[in-house]
Amino acid sequence: MKILVIDGQGGRIGRLLVEGIKKTCPDADIIAVGTNSIATSAMMKGGADQAATGENSVIVCTRDADVIVGPVGIAIADSLLGEITPAMALAVGQSSAVKLLIPVSKCNNRIVGADEMTLSSLIDKTVKTISDIKQRN
């Protein structure tokens, strides 16, 4: 299973996701794409199998991913303080991959009800969902 983790800013969420997925699904192929080199580096330190940076990498890697995971902003143009371009958001949205979006309520994007869970709980729940998807395939 090919899992694409997309993150920006400092890459903290992406790194936590990569670490969690590696523990739960060690044989999954994890590709990390950062919107900037700092985010990419953080996800590589988390154990991603492959990594790339930037808009074109997001567009290319969303084409054949089985699962796309990251903060909800990866599907909203101009989010993450402008790091997500309209082309990136479109690529995520149009991908046939299962999309697991972490409801981070920042940058004027509010997910009602998401503030009830901690980031750690959201990461754990996302990793479990990926494990469940992998077991079904």
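User: Leucine 80 first. Buried or exposed?
Analyst: This is a predicted model. In it, leucine 80 is buried, because its relative accessible area is 12% and the cut-off for buried is under 20%.

User: Where does leucine 80 lie?
Analyst: In helix H4, residues 79-82.

User: What about the phi of leucine 80?
Analyst: Leucine 80 is not a glycine, yet its phi is positive, at about 55 degrees.

User: And leucine 81, what is its phi?
Analyst: Leucine 81 also has a positive phi of about 55 degrees, and it is not a glycine either. Leucine 81 lies in helix H4 as well.

User: Is leucine 81 buried or exposed?
Analyst: Exposed. Leucine 81 has 68% relative accessibility, and the cut-off for exposed is over 50%.

User: Switching to helix packing. How do H1 and H6 pack?
Analyst: H1 covers residues 12-24 and H6 covers residues 119-136; their axes are 9 Å apart and the packing angle is about 40 degrees. That angle makes H1 oblique to H6.

User: Which hand does the crossing of H1 and H6 have, left-handed or right-handed?
Analyst: H1 passes H6 in a right-handed crossing.

User: Which residues of H1 and H6 meet?
Analyst: From H1, the residues are Arg12, Ile13, Leu16, Leu17, Gly20, Ile21 and Thr24; in H6 they meet Leu119, Ile123, Thr126, Val127, Ile130 and Ser131. Sorted by class, the contact of H1 with H6 has eight nonpolar, four polar and one charged residues.

User: How do H1 and H2 cross?
Analyst: Their axes come within 8 Å, and the crossing angle is roughly 20 degrees. H1 and H2 are therefore roughly parallel to each other, since angles under 35 degrees count as such.

User: Which residues make that contact?
Analyst: Gly14, Arg15 and Val18 of H1, together with Ala42, Met43 and Lys45 of H2. By class, the contact of H1 with H2 comes to three nonpolar, one polar and two charged residues.

User: What hand is the H1 and H2 crossing?
Analyst: H1 passes H2 in a right-handed crossing.

User: Staying on H2, which residues are buried?
Analyst: In helix H2, residues 37-45, the buried ones are Ala39, Thr40, Ala42 and Met43. They are on the same side of H2, because they cover an arc of only 160 degrees around the axis.

User: What is on the other side of H2?
Analyst: Ser37, Ile38 and Lys45, which are exposed.

User: And what do the buried residues of H2 pack against?
Analyst: They pack against H1 and against strands E1 (2-7), E2 (29-34) and E3 (50-53).

User: Threonine 40 in particular: what is its relative accessible area?
Analyst: Threonine 40 is buried, with a relative accessible area of 8%.

User: What does threonine 40 touch?
Analyst: Leaving out residues up to four places away in sequence, threonine 40 touches Val33, Gly34, Ala51, Ala52 and Thr53.

User: How far apart are threonine 40 and lysine 22?
Analyst: C-alpha to C-alpha, threonine 40 and lysine 22 are 16 Å apart in space; in sequence they are 18 residues apart.

User: On to H3. At what angle does it cross H5?
Analyst: Roughly 10 degrees, and the axes of H3 (residues 55-62) and H5 (residues 86-94) come within 9 Å. That makes H3 roughly parallel to H5.

User: Which residues meet there, H3 to H5?
Analyst: Glu55, Val58, Ile59 and Thr62 in H3 meet Ala87, Met88, Ala91 and Val92 in H5. The contact of H3 with H5 divides into six nonpolar, one polar and one charged residues.

User: What is buried in H3?
Analyst: Ser57, Val58, Cys61 and Thr62 are buried in H3. Viewed down the axis of H3, these buried residues fall within an arc of 120 degrees, so they line one face of the helix.

User: What do the buried residues of H3 pack against?
Analyst: E1, E2, E3, strand E4 (67-71) and H5.

User: Last one, glutamate 116. Where is it found?
Analyst: Glutamate 116 is in the loop between strand E5 (98-102) and H6.

User: Is glutamate 116 buried or exposed?
Analyst: Exposed, with a relative accessible area of 68%.

User: How far is glutamate 116 from glycine 73?
Analyst: Their C-alpha atoms are separated by 18 Å, and the two residues are 43 residues apart along the chain.

How values were computed. Residues numbered from 1 in each chain as written. Predicted model: local features only at pLDDT ≥ 70, side-chain atom pairs only at ≥ 80, totals over all residues. Heavy atoms only, no water. Axes fitted to C-alpha atoms, helices over the stretch in contact; angles between N-to-C directions. Helix = DSSP H or I, 4+ residues; strand = E, 2+ residues; numbered from the N terminus. Parallel < 35°, antiparallel > 145°, perpendicular 65-115°, else oblique. Left-handed = near helix turned anticlockwise from the far one by under 90°. Contact = heavy atoms within 4.5 Å. Nonpolar A, V, L, I, M, F, W, Y, C, P; charged D, E, K, R; others polar. Buried < 20%, exposed > 50% of the residue type's maximum accessible area, 1.4 Å probe, protein only. Arc of directions from axis to C-beta.
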